[in-house]
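Have the sequence and the coordinates open as you read.

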Amino acid sequence: MSSEDKIVLIDEKGRRIDGRGPEDLRPIRMEIDVLKNADGSAYVEQGGTKVIAAVYGPREVHPRHLAFPDRAAIRCRYHMAPFSTSERKSPAPSRREIELSKVIREALESVVFTQLYPRTVIDIFIEVLQADGGTRCAGLTAASLALADAGIPIRDLIAAVAVGKIDGVLVLDINETEDEHCEADMPMAMAPSFNEIVLLQLNGVLSPEETSKAIELGKKGIMKIYELQKETLKKKYELSTRRSQVVT
Ligand code: ADP
């Protein structure tokens with residue numbers, strides 16, 4: 001590609017390709033209790049990224065040798081639907097999906113009170129319906145909402161966002177085009193009430209100063225996502241309280 005063909009990701013006014021400023025999140029929509037056959041579920045839309053999470057359990061483990069005597073096992077499957085990307089993706093789990101399932105599981109394990117349910121399993125399914133960057137982060141945000149919706153005791157919700165570096169500028173919540181062309185991409189997830197980072201990955205290069213700044217920027221975005229998560233959960237319980245007041 002010649003330098004003339006180079007895609008302009010940040011214009012002279014500091015606007016990104018979708019009109020956002022460097023510290024802006026994409027528009028976010030969240031809903032819980034979206035699947036009737038799961039114990040808990042959530043839908044999260046973040047710009048063009050759309051994910052659904054379903055939680056089952058705690059329930060009996062099959063095969064039994066996978067059970068832990070002192071706590072629940074957590075199984076997690078992150079999967080991209082074949083229609084979620086511009087070119088059809090094979091439905092078979094890729095190495096990337098297997099790796100993401102593992103890091104997402106580890107992040108979620110850090111907040112679930114698994115010791116309350118020995119010898120059981122909690123199954124978490126994350127299905128990416130439409131991929132436009134930041135799918136692991138939206139998946140984590142949705143999965144923690146689905147755990148709460150299932151009534152599984154957790155220390156905190158998990159909120160996640162990816163920070164990128166574009167033309168030397170740190171930007172929040174990168175989309176697919178930005179992800180493709182950025183100098184660095186740093187997905188992060190936190191248990192926000194504890195100010196605890198539960199997932200931090202880096203693709204590309206950031207200096208130590210940039211890394212600290214990127215983490216601070218990510219935290220700002222995560223706190224906004226966390227507020228939306230809490231509002232989404234409250235809305236469900238306000239609705240059910242209103243309904244029971246009508247009935248009684
Ligand atoms: P994340 O979605 O968590 O940012 P990646 O950085 O690996 O994970 O992917 C960035 C984006 O690239 C995805 O959100 C998606 O839009 C796109 N992408 C990833 N894998 C594929 C694939 N197999 N086919 C097409 N697009 C993909």
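## How the helices pack

Are H1 and H2 parallel, perpendicular or oblique to each other? Keep in mind that this is a predicted model. Two packed helices are described by the angle between their axes and the distance between those axes. Here, H1 covers residues 95-109 and H2 covers residues 135-149, and the two pack at an angle of about 45 degrees. Angles from 65 to 115 degrees count as roughly perpendicular and those under 35 as roughly parallel, so H1 and H2 are oblique to each other. Their axes sit 11 Å apart, and H1 goes past H2 in a right-handed crossing.

Who does the touching? On the H1 side, look for Arg96, Leu100, Ile104, Ala107 and Leu108. Their partners in H2 are Thr135, Arg136, Leu140, Ala143, Ser144 and Leu147. Sorted by class, this contact of H1 with H2 is made up of seven nonpolar, two polar and two charged residues.

## Around the ligand

Next stop, the ligand. The residues around it include Met80, Thr85, Ala131, Asp132, Gly133 and Gly134, along with Glu176, Asp179 and Asp185.

Which parts of Ala131, Gly133 and Thr135 come up against ligand oxygen atoms? For Ala131, a polar backbone atom is 3.3 Å from an oxygen atom of the ligand. Gly133 also uses a polar backbone atom, with a ligand oxygen 2.8 Å away. With Thr135 it's the side chain: one of its N or O atoms is 2.5 Å from an oxygen atom of the ligand.

A couple of prolines deserve a look. Gly57 and Pro58 are joined by a cis peptide bond, with omega at about 0 degrees, and Pro58 belongs to strand S3, residues 49-60. The His62 to Pro63 peptide bond is cis too, with omega near -5 degrees. Pro63 falls in the loop that links S3 to strand S4 (73-80).

Last, check Asp167. Though not a glycine, Asp167 has a positive phi of about 45 degrees. You'll find Asp167 in the loop between strand S6 (159-166) and strand S7 (169-172).

Note on methods
Residues numbered from 1 in each chain as written. Predicted model: local features only at pLDDT ≥ 70, side-chain atom pairs only at ≥ 80, totals over all residues. Heavy atoms only, no water. Axes fitted to C-alpha atoms, helices over the stretch in contact; angles between N-to-C directions. Helix = DSSP H or I, 4+ residues; strand = E, 2+ residues; numbered from the N terminus. Parallel < 35°, antiparallel > 145°, perpendicular 65-115°, else oblique. Left-handed = near helix turned anticlockwise from the far one by under 90°. Contact = heavy atoms within 4.5 Å. Nonpolar A, V, L, I, M, F, W, Y, C, P; charged D, E, K, R; others polar. Near = heavy atom within 4 Å. Polar contact = N/O pair within 3.5 Å; in protein donor to acceptor, adjacent residues only side chain to side chain.
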